[in-house]
Amino acid sequence: ASPKTSPRTSPRNLAPPAGDGQAPGTEFIVTLKKEPGAKALGLDIGNWKKPSAVLVAGVKAGLVEKWNTQNPGKQIERGDIVISANGKSGYKEALKEISQVDNLQLVVVKGGGLGSPRSNA
């Protein structure tokens, strides 16, 4: 007898979609314009190790929260990864761009799409 397989046991079906309905690994672009005098985007961040990128550790009041309200299909959420900011990739370069530039184009990958955040994984 051949072993029975079920779509329910497929790894693709085990991971629930992200809160906004996008599956982990989905890449999307976010365009933000900082208000004059406003420095904070409203992100708590961490360092994603492999590949080097900016990890979204949390979203708080600010420009990103406003973006999320206006763009329910492209929300930035805890666990997402910013892989580039205005074409600058890597944690240090992207973070520098995010903190110093007023007009930002972020390439974001939904959480879980790039593997482990630890460098020893």
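Predicted model: local features only at pLDDT ≥ 70, side-chain atom pairs only at ≥ 80, totals over all residues.
I started with the surface: the protein chain exposes about 7600 Å², and carbon and sulfur atoms supply 52% of it.

Next I checked the fold. I count three helices and six strands in the protein chain, running α-β-β-β-α-β-β-α-β along the sequence. Of the 121 residues, 31% are buried. I also looked at contacts with a separation of 6 or more, and 64% of them join residues 24 or more positions apart.

Then I turned to helix α2, residues 63–70. Which of its residues are buried? I found L63, V64, W67 and N68. Seen down the axis of α2, these fall within an arc of 140°, so they line one face of the helix. The buried residues of α2 pack against β1 (27–33), β2 (43–48) and β3 (53–59). On the face turned away, I see T69 and Q70 exposed.

Last, charges. How many salt bridges does the whole structure hold? My search gave three.

K60 and D44 pair at 2.9 Å, N to O. K60 sits in the loop between β3 and α2 and D44 in strand β2, so the pair ties together parts that are 16 residues apart in sequence. K60 is partly exposed at 42% relative accessible area, and D44 is partly exposed at 33%.

K110 meets E77 at 2.8 Å, N to O, and K110 also meets D80 at 2.8 Å, N to O. Both K110 and D80 are buried, and so is E77. Shared partners join E77, D80 and K110 into one network.

Key. Residues numbered from 1 in each chain as written. Heavy atoms only, no water. Helix = DSSP H or I, 4+ residues; strand = E, 2+ residues; numbered from the N terminus. Buried < 20%, exposed > 50% of the residue type's maximum accessible area, 1.4 Å probe, protein only. Contact = heavy atoms within 4.5 Å. Areas by Shrake-Rupley, 256 points an atom, 1.4 Å probe, with all protein chains shown as cover. Arc of directions from axis to C-beta. Salt bridge = Lys/Arg side-chain N within 4 Å of Asp/Glu carboxyl O.
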